[in-house]
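This report is meant for a reader who is meeting the structure for the first time. Please look over the sequence and the model before reading on.

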Number of protein chains: 2
Amino acid sequence: MPLPISERGRQMPASPFRKLAPFAEQAKRQGKKVYHLNIGQPDIATPPSLFEAVRQADIPVLAYSHGAGTDSYRQKLAAYYHRAGIEVSTEEILVTTAGSEAILFALLTCLNPGDELLVPEPFYGTYTAFAIAAGVSIVTVTATIDTGFALPPLADFEAVITPRTRAILLCNPSNPTGHVYTRAELEGLLGICQRHGLYLLSDEAYREYCYDGAKATSALNLPGGDEYVVVLDTISKRYSACGARVGSLVTRNKTVWQAAFHFAQMRISPPGLGMLLGEAAVELPESYFDENRAEYQARRDLTVRRLRAMLGVRCLVPGGAFYVMPHLPVDDAERFGEWLLREFSYDNQTLMLSPAAGFYQTPGLGRQQVRLAYVLNLKDLDAAMTVLEQALLAYPGRVEEPVAAEAAELAGA
Amino acid sequence: MPLPISERGRQMPASPFRKLAPFAEQAKRQGKKVYHLNIGQPDIATPPSLFEAVRQADIPVLAYSHGAGTDSYRQKLAAYYHRAGIEVSTEEILVTTAGSEAILFALLTCLNPGDELLVPEPFYGTYTAFAIAAGVSIVTVTATIDTGFALPPLADFEAVITPRTRAILLCNPSNPTGHVYTRAELEGLLGICQRHGLYLLSDEAYREYCYDGAKATSALNLPGGDEYVVVLDTISKRYSACGARVGSLVTRNKTVWQAAFHFAQMRISPPGLGMLLGEAAVELPESYFDENRAEYQARRDLTVRRLRAMLGVRCLVPGGAFYVMPHLPVDDAERFGEWLLREFSYDNQTLMLSPAAGFYQTPGLGRQQVRLAYVLNLKDLDAAMTVLEQALLAYPGRVEEPVAAEAAELAGA
């Protein structure tokens, strides 16, 4: 009899972003060019000063750092937050192994096994994996495409709160929808947290990438939120440094910080070379963000414009991050995504996208939606949009009317 | 009413290695030189070729890697294992964020919450934190100083196995005792695993550091172990690269590998710069280990010789790692450790050690033992031993007889 693995090991999902990967590899072996719109891996070059900082470092022994990160990185990070309009002290910052570890530590610290975490859906699919690892249940409140995936009504949150609810988790600006939560939305959520004694966990990985002059509101800047708010952060998207694995957990709640720090001591220290690189990153001038923001905004504008010109596609204008989540005239986005890679090509090109089902917990939702990450230069993005346009015309499963779940959703909006 | 943190957050201990840290800082502020024998942070220089590999790398975008690590690092790692006499394929290797993450993924994958993990004590104190994070209970089987902390009798393991027991975890060569488990000991443990359907989790961070010509037996080389054995590994100690945060989980059990890989996909990828450094590390010639082994052996010999010359100190000769765990003629090693930093100095020097209580789960055990890490050059180590010798003579809590728990242990031996 084979040894059983754990229940959580059985439940732990394969990455929703990797399901189509074998088909993409096959398409490339067949000589097709595959545009990758499926993963939030920025294509913009990592700033050379980051590598230069690592090259210049004179390190006799690459030793463990303090569990909360090196003093020097934490100080520079506090200065970065100050420039971002967020006043936190070094003692309120815990350096983590990317945003991933910040999410895990927050769940382990704030929730008991069996507790419930409220998350507006669609949400970053990997939250599901963290919830399984921490033994907690995600309870969703559904946002709709018709409002640009704005925060669902507060009453919808109130309606699903139970004695086991311990926290609300959101990503702002949102992966996967691109929605930038308004201050009013966030204050509403904090009000719920205050009334029901819930933590507000705010994943702010895309803070700087808001368009049309908008600014994201950090949950750390909500009056009265000090006890409730835990911010989960990372340099990954901000500086095109996903491989560095450097993030942070920031909270003014000292009890939460201390417990999260004990989880951090368990793994001794965050990545040392990554923190060196991070020191150079957080010292980049504002012009770095201005340039990238302009580039991403141009891409967003192109993507939305091209999508809206496609018959049967619906797409509101997302305010931030680098994703759009359009409705497509297809029977099933997973089938469409597989068909794109296995059967379709236009001018020997095809594309890989993320079917939205991976971002919904409620079965059946998002069947006609996909997440597109605009992490290609404008020329390639334009070419990819042409491929998508042609594919939608050629796809045998094209449907002119919304399928049942979407129709109900649209009707209710 | 303040928001409660989770039960596991409350249980999560502060690092046992950091308890005395504030007193060490105070001693330094008073101008004392403090010899650090308390933490397994190698002082030997990180090989320059490791940094050179990072300096030479031309990386336009520091991107996510595959969740199991880069192909190129996994291939080189498989070659390293081959040279170490361990035949594993790249598909059996999962690159982790240091040994810490390998331990966490193994526990999450192999055990359910509430399950029991058998660990010979004394053990690496941080295992306790991982067990709390994973919601599992550590059940100990006690090894004694009189046998040099050899594996306790197999009957002692059999005696504590319950229907909830799912795995045995050991560190070989051992942190904190320096014991190198014999092939017969390991085969005995595997036999128990086979009879009772338990995983054998083997932390082999110190593989190369065995002395007097001895070689550590990898659990991966036990016949019949393929289904049972999961090796937890790291480059931290092997190459003085603790800050890189690069390790591995290695198993021939495909189901375990796959589930652990899903946990790995949750955090997307291991540290990218660390893996670059790791590639250079695992290609170092055998002479690198020969030199370091000779250095560590000389230090071990000095440490043991000096300890044995101190009245009332007992110390067997440990076969590996870079720790010794002597019995000291003190009333309480925690009190002694604090006294050393707060009240004692010899020639304006003192030392920091790890009281052994942090390595025992059974209350009261190890009260007269300390772990000393010989991570100082021979001259400093000799000076530190002189400080220790003088301290033991001056300590007001000196006792000539073993205290109760140790006496019972000695009587039983």
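Predicted model: local features only at pLDDT ≥ 70, side-chain atom pairs only at ≥ 80, totals over all residues.

Where chain B meets chain A, 79 residues of chain B are in contact with 79 residues of chain A. The area buried between the two chains is about 5900 Å², and carbon and sulfur atoms give 60% of that area. Between chain B and chain A there are 41 residue pairs in polar contact, counting pairs with both residues at pLDDT 80 or more, while the count of salt bridges is 0.

On the side of chain B that touches chain A, the elements giving two or more residues are helices 1, 3, 5, 6, 9 and 10 of chain B, and helix 9 of chain B gives the most, with 7 residues. The classes of residue on this side are set out in the table.

| Class, side of chain B that touches chain A | Count |
|---|---|
| Nonpolar | 47 residues |
| Polar | 22 residues |

Helix 11 of chain B covers residues 286–308, and because each of its 23 residues is taken at 1.5 Å, the helix should span 33 Å, which agrees with the 32 Å between its end C-alpha atoms. Among the buried residues of helix 11 of chain B are Tyr288(B), Phe289(B), Tyr296(B) and Leu302(B), and also Arg299(B), Arg300(B) and Arg306(B). The cover over the buried residues of this helix includes strand 9 (323–324), strand 12 (370–373) and helix 13 (378–394) of chain B.

How values were computed. Residues numbered from 1 in each chain as written. Chains lettered and ligands numbered in written order. Heavy atoms only, no water. Contact = heavy atoms within 4.5 Å. Buried area = accessible area lost by both parts, 1.4 Å probe. Salt bridge = Lys/Arg side-chain N within 4 Å of Asp/Glu carboxyl O. Polar contact = N/O pair within 3.5 Å; in protein donor to acceptor, adjacent residues only side chain to side chain. Helix = DSSP H or I, 4+ residues; strand = E, 2+ residues; numbered from the N terminus. Nonpolar A, V, L, I, M, F, W, Y, C, P; charged D, E, K, R; others polar. Expected span 1.5 Å × (residues − 1). Buried < 20%, exposed > 50% of the residue type's maximum accessible area, 1.4 Å probe, protein only.
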